[in-house]
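Hi everyone, thanks for coming along.

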Amino acid sequence: MKSQLLDLQKYLGENNYDIAYISDPTDIDYFTGFYSDPIERILALLVFPDKDPFIFAPQLEVESVKKAGWNKDVFGYLDNEDAFKLIAGHILDVTKSAPKVWASEKDNLSVQKLEAIKQNFPDAEFPGNLSRYMEKARLIKTPEEIKLLEAAGDEADYAFTVGFNAIKEGRTEQEVVAEIEYAMMKKGVMHMSFDTIVQAGDNAANPHGGPEKNPIHKDELVLFDLGTVHQRYISDASRTVAFGKPSDKALDIYKVDLEAQYAAMDAAKPGITAAELDKVARDVIDKAGYGEYFIHRLGHGIGTSEHEFPSIMEGNDLVLEPGMCFSIEPGIYIPHVAGVRIEDCVHITENGNEPFTHTSKELKYID
């Protein structure tokens, strides 16, 4: 049994929890080595402080669970069966009496599923929040995990090269995205970590916007935000390039954002807090007069999920330690003018940090 599961069993016993119900596919993967998105079906890992855990899965996934290396019980169900009634039966076979004190991922467990559990265990209480436990458990990445994140970063660097070369007069943002994703598939990278973003000119001033059908025009900045999935570990990086000769205002925005990103990269090391690191970048942008246009946190954790703990933001006094992995991505977004974001994900080392992506951040001009 994986050491992560043994640690969880110890945690359950120390906190007097009778059972843990785990349903986030990423967390199930963390504990078992099996990953699947069940969509509307039920996939759960049931863990007990002093008894063997089991996986409950759609029948069509049972053999895949075994092939993933899971050597404990796995129980399947058919679509026409009452999944939670079956889960309850399997739990009672293990525990011999109804578990009362439950731990669950409160960030993931839906009201519908909670009510289904309580229908079968009317006296069940749910004081334990495994979402917070998982944040801490996955916070420090192992050397093996960091190698996988580095490999994903190399793939992102290749995607940037493809994207920059795809910019041409009259080509749309969506067409550039298509070029990137087709090239990645030809390279054997079948999944991007999120929808690839290419935004030109003032469209980039919408930080959560997407690529449009409108042609990219000369003399604009073009923002790229992309990442890949490498053996379940992901990359996430942003670069902004110049197509032609953007306005002096747009170039100033880029200069300030780059200064803020470099300052934060230099400051990211053991001993600084997440809030202090956010302030390093924010102070640069504030001093230049663009503070009101930096409208999100400096960064987020990264691993097998795009957004993990910790958040690098004001109010988070978490002290950075070696092995923590997160993004550093200051952005300046001025409506009807331009948007700039420059982002690397890094891992904290003994005396600083190392980025997972290495594409140059000095402004690249594309004719």
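Before we start, one definition: I'll call a pair of N or O atoms a polar contact if they lie within 3.5 Å, with one able to donate a hydrogen and the other able to accept it. And please keep in mind that this is a predicted model.

With that in hand, look at the start of H4, where a side-chain oxygen of Asp 82 comes to within 3.2 Å of the backbone nitrogen of Phe 84. From there, H4 covers residues 83-95. Its 13 residues reach 18 Å from the first C-alpha to the last, close to the 18 Å expected. Just after H4, Lys 96 takes a positive phi of about 70 degrees.

Now, which residues of H4 are buried? They are Ala 83, Phe 84, Ile 87, Ala 88, His 90, Ile 91 and Thr 95. These residues cover an arc of only 165 degrees around the axis, so they sit on the same side of H4. As a reminder, an α-helix has 3.6 residues a turn, so residues three or four places apart point the same way. On the other side of H4, Lys 85 and Asp 93 are exposed.

What covers that buried side? The cover includes strands S1, S2, S3, S4 and S5, along with helix H5.

Notes:
Residues numbered from 1 in each chain as written. Predicted model: local features only at pLDDT ≥ 70, side-chain atom pairs only at ≥ 80, totals over all residues. Heavy atoms only, no water. Helix = DSSP H or I, 4+ residues; strand = E, 2+ residues; numbered from the N terminus. Expected span 1.5 Å × (residues − 1). Buried < 20%, exposed > 50% of the residue type's maximum accessible area, 1.4 Å probe, protein only. Arc of directions from axis to C-beta. Contact = heavy atoms within 4.5 Å.
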